[in-house]
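Here is a short briefing on a protein and DNA model.

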There are 2 protein chains.
Amino acid sequence: MTRILIADDHDVLRTGLRALIETRSGWEVVAEARDGLEALRAAEAAQPDIVVLDYAMPVMNGVEVARQLRARPRRPEILIFTMHDDDAVLREAVLVGVRGYLLKSDAQGHLLEALATLARHEAYISGQVSGTLLEAVLKPGKLEDSNPLTPRERTVVQLIAEGRTSRQICPILKVGIKTVETHRASAMRKIGAASTADIVRYAIRHRMVEA
Amino acid sequence: MTRILIADDHDVLRTGLRALIETRSGWEVVAEARDGLEALRAAEAAQPDIVVLDYAMPVMNGVEVARQLRARPRRPEILIFTMHDDDAVLREAVLVGVRGYLLKSDAQGHLLEALATLARHEAYISGQVSGTLLEAVLKPGKLEDSNPLTPRERTVVQLIAEGRTSRQICPILKVGIKTVETHRASAMRKIGAASTADIVRYAIRHRMVEA
DNA sequence: CGGCGCCTCAGGGTTTCCCTGAGACTAGAT
DNA sequence: ATCTAGTCTCAGGGAAACCCTGAGGCGCCG
């Protein structure tokens with residue numbers, strides 16, 4: 001039996017996950033937790049093989065729990081289970097040794113696959129995560145930098161998020177419009193943005209501008 | 001049998017809700033939807049008595065769906081099902097005639113109670129909501145809908161804020177790209193937006209999407 | 001019935017996007 | 001001292017998006 005711990009603050013979601021997992025034999029949900037601290041204690045008591053951690057939990061977020069679990073003698077595999085396709089969270093998670101990353105929107109289809117992969121101690125990353133980011137995250141050892149943008153790129157991103165076009169930005173920075181466009185494009189590549197709207201949401205999430 | 005429609009973009013959560021509801025006899029989940037537009041179509045086809053709407057759905061948020069359902073001949077009771085205790089959302093919901101408001105953290109304990117209350121056509125509001133707002137909201141005053149956009153414009157704005165271009169939006173709404181561009185332009189004029197970024201910030205401020 | 005608002009779409013000029021490539025400058029490593 | 005890596009700067013150019021104007025159809029309401 002593969003022993004699983006589920007940590008999520010929403011009862012209904014835990015119920016759904018448990019139901020999904022227990023459709024297969026060989027899998028057993030041995031404990032549940034509704035916040036980060038509970039998850040740590042439950043992991044201590046139940047010694048699960050795999051821990052499914054919601055990212056946005058009260059008290060302690062999923063990645064923080066993962067960080068603490070890392071130090072334990074019998075370290076379980078960890079699946080971070082999150083609402084948003086957020087590169088910063090994925091980055092952070094990979095940095096603390098998490099091998100599983102699943103979007104909630106992807107759960108029904110791929111949870112069992114993810115768990116099976118983790119049971120073999122292989123990495124599972126949700127398919128909907130932007131490919132460029134994944135490459136950037138899985139390949140280079142340059143992960144310490146949680147903010148992937150250069151200073152200039154950050155400035156441009158912020159100006160874009162404030163509602164300015166490249167043509168309006170270039171006189172502010174006293175550079176050519178092509179320069180602004182390059183910074184914009186490379187920033188988009190790094191943060192996995194495919195549109196101006198993605199840039200704006202990124203900037204708001206990172207408190208570079210207010211909504 | 002009381003017929004229920006569940007709309008939420010997370011499969012696992014729908015599974016959990018369905019499992020919870022079907023523990024009781026007399027309740028039947030007749031349809032599911034994973035975004036706002038699907039919810040509208042499913043409501044048309046399945047004619048449910050109660051519609052459970054996640055607030056933060058793609059394409060069209062829960063309150064927006066409620067607004068459109070209001071105009072239907074056989075209008076179902078609506079339960080808005082949301083993550084956050086947000087006065088603005090509740091206010092908006094009540095304004096469009098929603099009588100049920102349940103926090104996700106409260107679901108396991110009170111979902112059935114909420115559904116039963118709605119089945120009697122009475123209002124159910126989750127416990128943690130501030131009383132003053134409730135009062136202000138439950139007695140019909142001059143709480144006006146301050147949102148100047150038409151339903152179609154709101155949908156387009158949300159889709160834009162989710163990162164989609166006009167070309168990607170038009171097949172979703174099954175209209176020509178010129179139509180989408182017109183809605184986009186008139187929405188921008190109404191809300192005073194001069195760029196895509198302004199649209200996105202507007203959408204986030206009005207909780208049409210999350211950052 | 002006659003407006004009025006909403007949804008739908010076309011034409012078309014302008015702008016922006018976004019990819020590729022490339023030179024210069026700095027800093028750190030070999 | 002040379003090399004490497006990263007950043008900032010900019011150009012060209014095709015594709016796409018933007019945004020304005022105009023306009024027909026539909027439902028609703030006075």
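This is a predicted model: local features need pLDDT of at least 70, side-chain atom pairs count only at pLDDT 80 or more; totals for chains, interfaces and linings use all residues.

Residues are numbered from 1 along each chain as its sequence is written, chains are lettered from A and ligands numbered from 1 in the order in which they are written, and side-chain values use heavy atoms, with hydrogens and water left out.

**Around DNA strand C**

- DNA strand C is surrounded by 17 residues. A residue is near the strand if one of its heavy atoms lies within 4 Å of it.
- The closest are A:R167, A:E181, B:T150, B:G176 and B:K178.
- This surface has 4 nonpolar, 7 polar and 6 charged residues. Nonpolar covers Ala, Val, Leu, Ile, Met, Phe, Trp, Tyr, Cys and Pro; charged covers Asp, Glu, Lys and Arg; the others, Gly among them, are polar.
- Four helices each supply at least two residues of the surface: α8 (166-173) and α9 (177-191) of chain A, and α7 (151-161) and α9 (177-191) of chain B. Helices (H or I, at least four residues) and strands (E, at least two) are DSSP runs, numbered from the N terminus.
- Of the atoms of DNA strand C within 4 Å of the protein, 61% belong to sugar or phosphate. The rest belong to bases.
- Phosphate oxygens of DNA strand C lie 3.2 Å from a side-chain N or O atom of A:T165 and 3.0 Å from one of A:S166.
- From chain B, a polar side-chain atom of B:H183 is 3.2 Å from a phosphate oxygen of DNA strand C.

**Salt bridges**

- Side chains of opposite charge can pair when their charged atoms come close.
- The whole structure holds 29 salt bridges over all chains. Each is a side-chain nitrogen of Lys or Arg within 4 Å of a carboxyl oxygen of Asp or Glu.
- B:R18 and B:E32 form one of them, at 2.7 Å from N to O. B:R18 lies in helix α1 (residues 11-21) and B:E32 in strand β2 (residues 27-33) of chain B, so the pair ties together parts 14 residues apart in sequence.
- B:R18 is partly exposed at 27% relative accessibility, and B:E32 is partly exposed at 29%. Buried means under 20% relative accessible area, exposed over 50%, and partly exposed in between (1.4 Å probe, protein chains only).
- B:E77 pairs with B:R99, with the closest N and O atoms 2.5 Å apart. The pair links strand β4 (residues 77-82) to the loop between α4 (87-95) and β5 (100-103) of chain B, 22 residues apart.
- B:E77 is buried at 6%, whereas B:R99 is partly exposed at 34%.
- In chain A, a network of salt bridges links A:D11, A:R14, A:R18, A:E22, A:E32 and A:R34.

**Chain A against chain B**

- 29 residues of chain A are in contact with 28 residues of chain B. Contact means heavy atoms within 4.5 Å.
- The area buried between the two chains is about 2,500 Å², and carbon and sulfur atoms give 67% of it. Buried area is the accessible area (1.4 Å probe) that two parts lose on being put together, summed over both.
- In chain A, A:V12, A:R201 and A:A211 lose the most area to chain B, together 24% of what that side buries.
- The count of salt bridges between chain A and chain B is 0.

How values were computed: A polar contact is a pair of N or O atoms within 3.5 Å; within protein, one must be able to donate a hydrogen and the other to accept it, and residues adjacent in sequence count only if both atoms are side-chain atoms.
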